[in-house]
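Here are some friendly notes for a first look at this model. Please keep the structure open beside you as you read.

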Amino acid sequence: MAELLQGWKRTHYCAEPTVDEVGKEMVLMGWAGTWRNLGSLIFIGLRDRTGTMQVTFNESELPKEVFEKAETIRSEYVIAVKGVLARRDEKMVNRNMKTGELELIAKELKILGVSETPPFYIDDNVNAAEQLRLKYRYLDLRRPCMQANMLMRSKITKVAHEYFAEQGFIEIETPTLCKSTPEGARDYLVPSRVQPGKFYALPQSPQIFKQLLMLSGFDRYMQIARCYRDEDLRADRQPEFTQIDLEMSFVEQDDVMNVQEGFIKRLMKETLDVDIQLPLPRITWQEAMDRYGSDKPDTRFGLEFVNVSDIVKDCGFGAFADAVKGGGSVRCINVEGGVEHFTRKQIDAFGDLVKTYRAKGLAWLSMKPEGIQCSFAKFLTEDQIKAILERANAKTGDILFFVADAKDTVVYQALGALRLELGRRLGLMDDTKFNFLWVIEFPQFEWSEEDGRYYAMHHPFTSPMDEDLDLLDTDQGKVRAKAYDIVLNGNEIGGGSIRIHSPEVQEKMFEKLGFTKEEAWERFGFLMGAFKYGTPPHGGLAYGLDRLAMLITRASSIRDVIAFPKVQTASCLMSGCPDVVEQAQLEELHIETVADKE
């Protein structure tokens with residue numbers, strides 16, 4: 001390669017030249033994208049990570065060997081071109097390209113690398129299946145949209161480094177070979193060769209280490225941290241992911257949130273030139289659930305819940321009355337003008353949707369011009385129906401959808417899912433809007449029906465609200481946490497809390513989560529032991545960098561903002577991992593597999 005480039009040096013990236021440089025000689029290097037051979041003229045779309053420049057080879061103005069070499073160029077050849085920048089003929093200007101007014105008139109050419117015919121066309125409008133693109137990810141990453149995503153992700157981390165450094169945060173790396181502390185998602189385990197039968201765990205987050213750094217006196221910590229969780233995948237989840245991880249000492253909740261709001265404002269301005277108004281709205285977890293059925297509500301549109309439990313608690317419709325008597329609720333959504341949008345078949349499909357969230361069914365009331373049509377009208381009095389309509393502000397042309405259940409969680413999940421589906425169907429999710437908000441006062445615990453026990457809603461190190469400490473022993477389910485999530489357009493992009501810094505409260509928390517004192521010390525002893533040596537009040541937050549990048553780039557999947565992602569089976573289609581290893585490696589690690597035994 002040194003010989004190939006001898007005497008040649010790239011002077012510009014492909015999309016850097018401007019009209020002010022017309023007439024200037026320059027050297028461009030990149031990949032041949034589009035190419036057209038018109039006989040005596042050859043046009044090449046030369047592409048790099050900045051964009052594309054049209055390169056023109058004119059047979060009448062070039063040495064024979066240069067033009068003949070240009071005739072051999074095919075898609076994805078790597079070439080270097082020395083030429084003179086010129087304006088395109090007015091009729092040939094491409095207004096859709098950054099360099100659409102310009103072209104490079106080639107004088108010399110070097111072919112630096114040849115390419116076989118790619119398995120798919122390197123273009124944003126590629127119609128190849130995602131599995132094929134992931135198998136050839138190095139080619140997929142050449143597409144302009146993918147390169148733009150990666151560049152934006154890099155810009156996000158650049159803003160994070162700069163902003164938090166200016167705010168006095170210190171970047172410190174934490175270990176990726178850790179002690180396994182099973183609580184929540186499964187750990188990825190790494191066997192130790194030098195200590196047979198023992199394992200490291202890859203960190204699900206740097207949580208304990210960043211708290212220890214607060215004990216160590218580094219009062220503002222920041223890290224772009226790699227994290228790992230062995231859990232089922234979906235569109236916005238990967239087995240390995242990245243956090244912008246933060247922790248602060250001598251702070252209360254507002255202190256942490258104020259610093260984060262400054263970051264969000266700067267990030268949106270520098271990446272998308274969007275001005276975010278501060279302070280960001282705040283709502284409690286309970287309010288979010290009551291209004292939207294979600295702890296990460298999409299507030300770009302309304303369709304808020306209306307609670308009609310008190311109106312229908314004694315009605316003749318068993319589905320409603322029994323739900324309220326059982327301790328649950330009856331809630332509805334008023335879809336303004338819904339009569340014109342949804343057929344009876346579509347309404348029935350909505351009923352199937354809510355059933356997937358354990359709701360028994362979907363009731364509806366349609367305000368048609370000729371009168372009310374309702375799936376339950378005969379069971380309610382005129383006064384009860386009138387009260388429902390008044391509370392929901394319903395008018396002619398509207399449709400009300402109802403979900404009832406003896407468990408509020410079912411109502412929230414089912415009606416919340418319907419709300420999002422209605423928002424999509426009605427085009428209410430405006431991609432030009434960026435609605436941030438804080439959700440605060442989360443429950444400290446969540447009950448698992450399957451396991452018959454409480455789990456920490458965030459993690460075991462989250463501090464309860466001071467006024468709820470007494471409830472730990474009397475009514476555990478009502479304890480609220482000093483926890484806060486930052487939400488963007490229905491997606492949680494970051495979450496954090498004020499941490500427990502009292503050894504006594506931390507021991508009490510482990511007790512309420514079902515750990516014996518011995519189990520707590522076995523799993524978290526190094527943290528609890530550290531608490532004995534002077535612990536400052538502290539708290540923090542972690543952003544999901546992958547999800548944040550997905551939302552800022554408006555990508556449809558988190559895989560589109562990760563250079564080399566995994567698929568749903570937690571495997572890499574390009575490299576073929578995970579894979580079997582040599583028997584000698586297993587023997588070194590003192591590991592015998594089930595397959596070996598069989």
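1. The second largest pocket takes the largest share of its lining, five residues, from strand S2. S2 covers 41–48, and strand S1 (25–37), strand S3 (51–58) and helix H4 (144–166) join it in each giving at least two residues to that lining. Helices (H or I, at least four residues) and strands (E, at least two) are DSSP runs, numbered from the N terminus.

2. Please read everything here as a predicted model, where local features need pLDDT of at least 70, side-chain atom pairs count only at pLDDT 80 or more, and totals for chains, interfaces and linings use all residues. Residues are numbered from 1 along each chain as its sequence is written, and side-chain values use heavy atoms, with hydrogens and water left out.

3. How much space lies in the second largest pocket? The answer is about 740 Å³. Its lining has 33 residues, and the closest to the centre are Thr-34, Arg-47, Thr-52, Met-97 and Pro-144. By type, the lining holds ten nonpolar, 13 polar and ten charged residues. (Ala, Val, Leu, Ile, Met, Phe, Trp, Tyr, Cys and Pro count as nonpolar, Asp, Glu, Lys and Arg as charged, and the others, Gly among them, as polar.)

4. Across the whole structure, a search finds one cavity of 30 Å³ or more. The volume of the largest cavity is about 40 Å³. Its lining is made of Leu-134, Arg-137, Phe-564, Pro-565, Lys-566, Val-567, Ser-571, Cys-572, Leu-573 and Met-574, which divide into seven nonpolar, one polar and two charged. On a 1 Å grid over the protein atoms alone, a cavity is a set of points where a 1.4 Å probe fits but cannot get out, a pocket is an open set with protein on both sides within 12 Å along at least five of seven lines, and lining residues have an atom within 4 Å of a point. Points are joined across faces, edges and corners, and a volume is the space filled by probe spheres set on them.

5. Next, look at helix H11 (residues 344–355) against helix H13 (residues 408–425): they pack at an angle of about 140°, with axes 9 Å apart (lines fitted to C-alpha atoms, for helices over the stretch in contact; angles run from 0 to 180 degrees between N-to-C directions). On the H11 side, Gln-346, Phe-350, Leu-353 and Val-354 meet Ala-414, Ala-417, Leu-418, Glu-421, Leu-422 and Arg-425 of H13 (contact means heavy atoms within 4.5 Å). This contact involves seven nonpolar, one polar and two charged residues.

6. Helix H15 (residues 503–512) and helix H16 (residues 517–530) also deserve a look: they pack at about 140°, with their axes 10 Å apart. That makes H15 oblique to H16. Here Gln-506, Glu-507 and Phe-510 of H15 meet Lys-517, Ala-520, Trp-521, Phe-524 and Met-528 of H16; five of the contact residues are nonpolar, one is polar and two are charged.

7. Pro-279 sits in the loop between helix H6 (253–272) and strand S11 (282–284). That loop between H6 and S11 also holds Asp-273, whose phi is near 55°, a positive value in a residue other than glycine.

8. Finally, the bond from Cys-577 to Pro-578 is cis, with omega near 0°. Pro-578 lies in the loop between helix H17 (545–553) and helix H18 (583–588).

Note on methods. Angles under 35 degrees count as roughly parallel, over 145 as roughly antiparallel, 65 to 115 as roughly perpendicular and the rest as oblique.
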